[in-house]
Amino acid sequence: MNPYKEILNLINEQEEWRSNCLNMIASENLTSLAVRRAISSDFGHRYAEGLLGGKIDDLQVFDRFYQGTKIFDKVEAIAMKFSEKLFQAEHANLVPVSGAVANLVTYHALAEYGDKISGLSIPCGGHISHSRVSVAGVIGLREISYPFDNEEMNIDVDKAKELLLREKPKIMIFGGSLFLFPHPLNELREIANEINAVMMYDGAHVLGLIAGGKFQKPFAEGADILTSSTHKTFPGPQGGVVFCKEKFKEKIDNAAFPGLMSNHHLHHVVGFAVALAEMMEFGREYAEQIVKNSRVLAETLYELGFDVLCEHKGFTQSHQIAVDVSRIGGGRKIVESFEDANIIINKNLLPWDSLEKTGNPSGIRIGTQEVTRIGMKESEMKEIAEFMKRIAIDGEKPEKVKEDVIAMKKGFNKVHYCFDD
Ligand SMILES: Cc1ncc(COP(=O)(O)O)c(C=O)c1O
């Protein structure tokens, strides 16, 4: 077949398939038509090396290296202004092209070769970009892991204090990829002051919840820096951002440009600006529904016999649910059989797993942000839990459940919480 046609066919195939799926990977989302318009616009063909100069309210002063950016400059300034408002940030840098790059920008700005950073270990929910196997390793940082309370699924504050006083990391990282409950920023701020560490909050997973006022407020609770992806609970195009206190502005901006990037992806910034406008209008309602949906899904799964983590804490305060499936075949088998039924989730290490179990960990992680965005509510969460039970506990053939998944999904293909009407 003509390769051009083959690729177009594959695009169609992907869209057809995933529109018939329950997409519940916790790091994904759908963008509105308006965001898609932005990312396919002319901005995606252009360069705007350099940073916005001057004050955001004073649009005349720009420090660009190329001509042709006068319209983009206005969009970027609006996006910065909205970001500052929505996240109570004193400054926004929209240059990073992904969440991992946003973390690298922060490390490059504020740490030096050989410095220590503290964060969660990967089985406890830390992201690879918090460790030397990924971007932290690029500049030779050494990670130390917070002691973790497996019952509470959170950092053990008292033990963490001892560790931090002893090890004195340069950057204390909070946030993670398996992230059920807010992290103890307030409780550890004093220690950060004492050891002169910067508090960085990686909000990649929960940015949409923060925007909707439904998770923690990183800056109000003591964070100096908030890094994030723009496309997990926050429903923007794929990209990254660093928000910071004014005193870190110059270092962060220089680390982003010219430090690590030449051009930033303009279409991503423009799409992000549209998503910010959506979140300012609909964010609260959207975030509230996500958390309600997570809790109902978790509760129903639990009642149906799944080992959902943290029953004593109401299971979750975020878009995520963690389930220990070691009793019923392990993570790999469960996610593969769910995929055969068009239910897309990921297998996940749990705190008691070693890294060697990455291929078949004890857990699965389920995210409710995307199904919420297409209008699903509590009753649909109960239906989804039933689908999962039929496969994982009753042993029904996934192909049979798939028919019911497709039938259910038919009523839910419109993106909500946006201006698309
Ligand atoms: C906590 C956390 N930080 C950073 C990242 C990296 O984000 P990106 O994929 O946008 O580079 C992820 C990705 O899932 C994440 O979970």
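Modeller: Here are some notes on the domains and then on the ligand site.

Modeller: This is a predicted model, in which local features need pLDDT of at least 70 and side-chain atom pairs count only at pLDDT 80 or more, while totals for chains, interfaces and linings use all residues. Residues are numbered from 1 along each chain as its sequence is written, and side-chain values use heavy atoms, with hydrogens and water left out.

Colleague: Which domains does the assignment give?

Modeller: The protein chain is assigned domain 1 (33–277) and domain 2 (283–409), with bounds that come from an automatic or database domain assignment. Their C-alpha centres lie 28 Å apart, and the contact (heavy atoms within 4.5 Å) takes 25 residues from domain 1 and 29 residues from domain 2.

Colleague: And how much area do the two bury between them?

Modeller: About 2200 Å², with 65% of it on carbon and sulfur atoms; buried area is the accessible area (1.4 Å probe) that two parts lose on being put together, summed over both. On the domain 1 side, Pro 123, Leu 180 and Phe 181 supply 26% of the area buried against domain 2, more than any other three residues.

Colleague: How many salt bridges cross that interface?

Modeller: The rule, a side-chain nitrogen of Lys or Arg within 4 Å of a carboxyl oxygen of Asp or Glu, finds 1 salt bridge across the interface of domain 1 and domain 2. Separately listed is a salt bridge between the side chains of Glu 152 and Lys 313, at 3.4 Å, N to O.

Colleague: Switching topic, which residues are closest to the ligand?

Modeller: Gly 99, Ala 100, Ser 177, Asp 202 and Ser 229 are the closest of the 14 residues that surround the ligand, counting those with a heavy atom within 4 Å of it.

Colleague: What lies 3.4 Å from a ligand oxygen atom?

Modeller: A polar side-chain atom of His 205 does, whereas for Gly 99 a backbone N or O atom lies 2.8 Å from an oxygen atom of the ligand.

Key:
Polar contact = N/O pair within 3.5 Å; in protein donor to acceptor, adjacent residues only side chain to side chain.
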